[in-house]
Amino acid sequence: MTDVGQVIARAHREEWARVVATLARRLGDLGLAEEMAAEAFAVAVERWPADGVPPNPGAWLTTTAQRKAIDRLRREARREEKHKEALMLSDAPEPLGVIDDDRLRLVFTCCHPALAMEARVALTLRMVGGLTAGEIARAFLVQETAMVRRITRAKEKIKAAKIPYRVPSRADLPARVTGVLAVLFLIFNEGYLASGPGTEAVRGDLTAEAIRLTRLVRDLMPADGEVAGLLALMLLTEARRTARLSARGELVPLGEQDRGAWDRALIAEGHALVRARLASGQAPGRYQILAAINAVHTDASDVRDTDWSQVIALYDQLVRLDPSPIAALNRAIAVAELDGPEVALAKVAGLPLAGYYLFHATRADLLRRLGRSSESRAAYDRAIELTGNPAETAYLIRRRDQLAGL
């Protein structure tokens, strides 16, 4: 890829949501905003190699998209309403309401209660996270074609129901925050370990943006325990980011990471949030429990010092609250450290996660520890087939190939 091509690709990752959010606010039409943003990027692909990259790529893209929107509306201006829409694109200041960040306002708008929860999350990941349908599908463990249909239906419902793009009032926030937190968590996870082939293994731009937006949500809703829990979870996970990749580009699992490379400031902030939630005496939600689990891990100076009984007790709480197969899988991983791989393998058996690479990677590791090399190799092969992350793939291949010496 040429240097200009790399700049355009980076601009698409970093500016897509900003351009869509700005246009959606001014146009009041989410579909048109996305279409005009795509046209602006197409113009950039055509013009930047010849004219050079503008000093402020984001502003150039937004301006180009706005001009294309004005042209489109003027061409279609057969009714007075269309003329009014064109006038909406003026640079006159407008009221921002309780949310003055375009991206966060778009998150809350897409997470409208009229949409099913999964549709809200999928649509927002596309619009705000800039994730592809394939990346979103992998997050939901469904086929890409099914995810495309889900996103399309969500857009159609917004249009048919005439759901307005407007600044949510403070009274709207509690009804939408569950979907908002789900979106921010998935955006963070895609940055933490990118799922698509041909992408960077770890995308710091996505993790940083997810943390920034979650901080803004906490400013809006400081008493919400799950908002604080999600922020703590992100901070404690982000603190380990630089230790998660080896010099060869392989994923480094938690137990093998250089804990001296962890970001102690982020860990301290995350621990403070967890302690504050525990001191509140309120029953914890899903994100608060996950944050507490990460607090136990980051509190240990060595993996051998990890309090696995506490980790399992926290997973017991999580499974009662969220009896999902992925929660059960993660609990089994902790059980292996306390009760051994054979007990954990029995708990993993039968989980409906045949299409999830970590299910097969977990089985492979447990089988390896039990000396069942041929079964372990087959499980590694399936995990390698399902994962799209290059660092994860490299790690799994090395672990599989080590079985030849056993």
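Student: Is Arg-18 buried, partly exposed or exposed?

Tutor: This is a predicted model, in which local features need pLDDT of at least 70, side-chain atom pairs count only at pLDDT 80 or more, and totals for chains, interfaces and linings use all residues. Residues are numbered from 1 along each chain as its sequence is written, and side-chain values use heavy atoms, with hydrogens and water left out. Buried means under 20% relative accessible area, exposed over 50%, and partly exposed in between (1.4 Å probe, protein chains only). Because its relative accessible area is 39%, Arg-18 is partly exposed.

Student: In which helix does Arg-18 lie, and how far is its C-alpha atom from that of Thr-62?

Tutor: Helices are DSSP runs (H or I, at least four residues; strands are E, at least two), numbered from the N terminus. Arg-18 belongs to helix α1, residues 3-27. Thr-62 is 44 residues from Arg-18 along the chain, and their C-alpha atoms are separated by 8.2 Å.

Student: How many helices and strands does the protein chain have, and what share of its residues is buried?

Tutor: The protein chain has 19 helices and 0 strands. Of its 406 residues, the share that counts as buried is 51%.

Student: Where is Thr-306 placed, and why does it count as buried?

Tutor: Thr-306 is in the loop between α13 (286-299) and α14 (308-321). A polar atom of its side chain lies 2.9 Å from the backbone oxygen of Val-303. Contact means heavy atoms within 4.5 Å; leaving aside neighbours within four places in sequence, Thr-306 is in contact with His-297, Ala-300 and Val-311. Thr-306 counts as buried because its relative accessibility is 8%.

Student: How are α13 and α14 oriented to each other, roughly parallel or roughly antiparallel?

Tutor: Axes are lines fitted to C-alpha atoms, for helices over the stretch in contact, and angles run from 0 to 180 degrees between N-to-C directions. Angles under 35 degrees count as roughly parallel, over 145 as roughly antiparallel, 65 to 115 as roughly perpendicular and the rest as oblique. The axes of α13 and α14 are 10 Å apart, at an angle of about 170 degrees. Therefore α13 and α14 are roughly antiparallel.

Student: Which classes of residue make up the contact of α13 with α14?

Tutor: Among the residues that meet are Ile-289 and Val-296 in α13 and Trp-308 and Leu-314 in α14. Ala, Val, Leu, Ile, Met, Phe, Trp, Tyr, Cys and Pro count as nonpolar, Asp, Glu, Lys and Arg as charged, and the others, Gly among them, as polar. By class, the contact of α13 with α14 has 11 nonpolar, 3 polar and 1 charged residues.

Student: How are α15 and α17 oriented, roughly parallel or roughly antiparallel?

Tutor: Helix α15 (residues 325-339) packs against helix α17 (residues 357-369) with axes 11 Å apart, at an angle of about 15 degrees. Residues that meet include Leu-329 in α15 and Phe-359 in α17. The two helices α15 and α17 are therefore roughly parallel.

Student: How are α18 and α19 oriented, roughly parallel or roughly antiparallel?

Tutor: The axes of helix α18 (residues 373-386) and helix α19 (residues 390-402) come within 10 Å and cross at roughly 165 degrees. The contact includes Tyr-380 of α18 and Leu-396 of α19. Helices α18 and α19 are therefore roughly antiparallel.

Definitions and conventions. Polar contact = N/O pair within 3.5 Å; in protein donor to acceptor, adjacent residues only side chain to side chain.
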